[in-house]
Amino acid sequence: MKHALPPIPPSIYIVLNRQAAILTSSQSQTGMISLTQQVNAVRLDTHKSDTFEQNDLVLDNSGAVLSGSRDALIRRLVPTRDFCPDEAYIFSLLVNIRTFISPHELMQKIVQYCMFAQNADSHNFAKEGRGRMFAHILRLCSEWATNIPYDFKTEYMRTRLNELLRLCAVDKTYQQKTTDLQATLRSSLNKLDRYEKAVANLQKALSENTTLPEQSDSMTGLFLMCNDAKTVAQQLTHIEMERFSMVGVDEIVQSLASDPLSEIGRHSKNKEGVISSISFYIEWFNRLSAFAAIEVLKQTKKRNRVAVFEFMIDIAKECCEIGNFNSMMAIVAGLSLPAVSRLKKTWCRVEKSKLEILQHQLDPSGNFLSYRATIKAAQWRADSARGNQPKIVIPFFVLLLKDLFLIYHGHPRILPNAHLNFMAFNQLAEQLRDVIQWKSTICTFEKNPQVLQYLLITAVSGEKDSMLMSFECEPPESSSEREQHKKLRGGK
């Protein structure tokens, strides 16, 4: 029998959904006014032209794109001998346009437009002309293959990419640059393939593990194996970075476009039936929350529960120091589950300063103001880090998805004149740039295989079994608890 993990505590979701509603009605409205004012300032013509003329693309006074028809925006993406869009434009369009045209169709158009641009002028066949055009094509291909590599999982996309790069790769220098980019892309795709296989094997092992956690009078569990909170936090960071780094921005955008706020990425699978990277990462959060609770509930003696409880808070604190906010929030959420929060005799023995740390980090007031201030400081530290100084920023992933959802849906992506709203594209792309930077960080902590193995495959319980363990730790006191205990035991 597979034991279902307890979901993220409802209290967190209630707060997140409430904050989402507030932000949707307030921030998006003020943001909409700002966007509307900008659009009005350039006098958007609502008449759709049938040709590629000025009202197919709307620019501000500095020449930055504000909006445009789908084809006009794509044409501006196409490099020529004398023009190449900047990296910000390339990334913003590539990551957003997929909700209007598939990457396959987009690549086909780009190849056609580039071939047409090359053949349109004889100067493009001279060495200097071909060199300049290749440099511009390489910039587009590098931005795409490096930041959105999963678009190239199909043979079709890789073949079209090679066609694009071969247009102007006429000498050994250009050919080497092409080879290097292709090698980088293969490395990313091979890593994804290995990861998906590892995910499938891990899920199989977890589903076959029907063992229930056992309670003990003597100290048991992680604390007995490794009682150094910093070491455990570092191992958690290894696991987090492995999972976070495999979440593609393309996958995030597709989930934002297709999933409701409460279900972003939670049940999606790829064509081979493998769970999506987003779903697997969220499952890890739930598992870690359950793990934190079970480690406490395994201890039938109060002094051991207190020790493990404080140890878990210390681990959460160390995660915060590292910049691993997802593990921190998962542990805090686990210690807030009903099976743990009802242990009043245990809680009253926990050191008050540790309780304050817990309460501070979980404080949802001001749309998680405390958390946002802390992660902003971590981001500043990472940006200014030098040498071997820590650069890790792992955000509270569920909250990140909700923030991105509000950005995505906060402004219309199609304007009244049927233009695509490139200002909205830029807002989302700016946040996704941060995500790419965060997930590309290398975790350099020394690995502890024993602790990693324990964190990954130790059995955890569902909500029902966790509550039964809780009642073994501290018997039911109120009539409602006694009734609940009776029902739980009757359903065993």
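This is a predicted model: local features need pLDDT of at least 70, side-chain atom pairs count only at pLDDT 80 or more; totals for chains, interfaces and linings use all residues.
Residues are numbered from 1 along each chain as its sequence is written, and side-chain values use heavy atoms, with hydrogens and water left out.

Back to H20, which spans residues 449-457 and has Val-451, Leu-452, Tyr-454 and Leu-455 as its buried residues. Looking down the axis of H20, these buried residues fall within an arc of 165°, so they line one face of the helix (the arc is taken from the directions from the helix axis to the C-beta atoms). The cover over them includes helix H8 (222-225), helix H9 (229-245) and helix H11 (277-297); contact here means heavy atoms within 4.5 Å. Helices (H or I, at least four residues) and strands (E, at least two) are DSSP runs, numbered from the N terminus.

Next come the aromatic rings. The structure holds 16 aromatic pairs (rings of Phe, Tyr and Trp, the last by its six-membered ring, pair if their centres lie within 6.5 Å; planes under 30 degrees apart count as stacked, over 60 as edge-to-face and the rest as tilted). In one of them, Phe-325 and Tyr-371 have ring centres 5.8 Å apart and planes at 85°, so this pair is edge-to-face. The pair ties together distant parts of the chain, with Phe-325 in helix H13 (residues 325-335) and Tyr-371 in helix H17 (residues 365-384), 46 residues apart. Phe-325 counts as buried at 1% relative accessibility, and Tyr-371 is buried too, at 4%. Both belong to one aromatic cluster formed by Phe-285, Phe-325, Phe-368, Tyr-371 and Phe-396.

The charged end of Arg-75 sits over the ring of Tyr-113, 4.4 Å from its centre, while that of Arg-433 sits over the ring of Phe-91, 4.5 Å from its centre (the cut-offs are NZ of Lys or CZ of Arg within 6 Å of the ring centre and within 35 degrees of the ring normal).

Finally, three strands form an open, antiparallel sheet in the order S1-S2-S3 (two strands pair if DSSP finds at least two bridges between them). Strand S1 (57-59) and strand S3 (420-421) stand at the edges with a single partner strand each, so one side of each is left without a neighbour in the sheet. S1 pairs with strand S2 (residues 65-68) over three bridges, and Leu-59 has Val-65 in S2 as its bridge partner.

Note on methods. Buried means under 20% relative accessible area, exposed over 50%, partly exposed in between (1.4 Å probe, protein chains only).
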